[in-house]
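I opened my notebook to record what I looked up in this structure, entry by entry.

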Amino acid sequence: MYDRVIWPERYDPKISAIYALNDIDVKAPPEMVWKLLVDAENWSRYFPAEDQVKILSGGRELALGTRYSRVTVGYPMSLVVMECVPDRRLAWATTVDGDETGSSAYHGWVITPTADGCHVLTEETQQGPWFLEELGRRNPGALFRYNQLWVESLARAAEAEVAQMAG
């Protein structure tokens, strides 16, 4: 059994309009996956859709309390890292810039060591009218598909780094 995201009460999947869980086994150590995950401004190196990420609160990597912005599928968003346990757990809360409905999201990552690398699990919940309209009604299943591409791309990148170091 793998650990799961630790949810702030307001983001619990039981009360969220939209929820997705994606996971994958990775043949790379947790440290390699972590390095790629906290290097937010360079996510696009392995996941091209995330090509507009900017850390706003200083530092080069995501850390507890880091504020950053990103444009995801054409929508500018503001984010803050809410949980950060190196090589194990990372989570952020998101608000959509310009959305006056108060919609928000919570996205967590859990990395669990395994015999031949690690298991990466990501869970995300979304609440509020904006997310319900954009992802619930207009693009059902989009959150799951997007996060699945992300975990697969992250796994490939981490495994490629391991192969490069070995070669």
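I looked up strand β1 and noted a covered face made of I18, A20, N22, I24 and V26, and an uncovered one made of Y19, L21, D23 and D25. The strands here, labelled E, have at least two residues, the helices, labelled H or I, have at least four, and both are DSSP runs numbered from the N terminus. Before going on I noted that this is a predicted model, in which local features need pLDDT of at least 70 and side-chain atom pairs count only at pLDDT 80 or more, while totals for chains, interfaces and linings use all residues. I also noted that residues are numbered from 1 along each chain as its sequence is written, and that side-chain values use heavy atoms, with hydrogens and water left out.

Not counting residues up to four places away in sequence, I18 touches E124, T125, Q126, F131, L132, L135, G136 and L143, where contact means heavy atoms within 4.5 Å. I18 and W130 are 112 residues apart along the chain, yet their C-alpha atoms are separated by 11 Å.

**The sheet**

I traced seven strands that form an open sheet in the order β1-β7-β6-β5-β4-β3-β2, with antiparallel pairing. Since β1 (18-26) and β2 (53-55) stand at the edges, each with a single partner strand, one side of each is left without a neighbour in the sheet. From one strand to the next the twist averages 20 degrees; axes are lines fitted to C-alpha atoms, for helices over the stretch in contact, and angles run from 0 to 180 degrees between N-to-C directions.

I reminded myself that strands of a sheet pair through backbone hydrogen bonds, either parallel or antiparallel. Two strands count as paired if DSSP finds at least two bridges between them. For β1 and β7, I found nine bridges in the antiparallel sense, and in β7 the bridge partner of Y19 is T125. For strand β3 (residues 67-72) and strand β4 (residues 75-85), which run antiparallel, I found six bridges, and in β4 the bridge partner of S69 is S78.

**Helices**

Helix α1 (residues 30-38) packs on the sheet, where α1 touches β1, β4, β5 (89-96), β6 (104-114) and β7, and the direction of α1 makes about 160 degrees with that of β6. Seven of the nine residues of α1 are buried, so α1 is largely enclosed by the rest of the structure. I listed the buried residues of α1 as P30, M32, V33, W34, L36, L37 and V38, and what covers them includes β1, β4, β5, β6, β7 and α3. K35 is also found in α1, but K35 is partly exposed, with a relative accessible area of 42%.

Helix α2 (residues 129-138) lies across β1, β4, β5, β6 and β7, and runs at about 60 degrees to β1.

I checked the length of helix α3 (residues 142-166): at 1.5 Å a residue, its 25 residues should span 36 Å, and its end C-alpha atoms are 36 Å apart, which agrees. The expected span is 1.5 Å times one less than the number of residues. Among the buried residues of α3 are Y146, W150 and L154.

**Residue Q127**

Q127 lies in strand β7 (residues 117-127) and, at 13% relative accessibility, counts as buried. A polar contact of 3.1 Å joins the side chains of Q127 and T125; such a contact is a pair of N or O atoms within 3.5 Å, and within protein one must be able to donate a hydrogen and the other to accept it, while residues adjacent in sequence count only if both atoms are side-chain atoms.

**Cysteines**

How many disulfides does the structure hold? I found zero disulfides, a disulfide being a pair of cysteine sulfur atoms within 2.5 Å. The sulfur of C84 is 16 Å from the closest cysteine sulfur, in C118, which is too far for a bond. C84 is partly exposed, with a relative accessible area of 23%, whereas C118 counts as buried at 0% relative accessibility.

Terms used:
Buried < 20%, exposed > 50% of the residue type's maximum accessible area, 1.4 Å probe, protein only.
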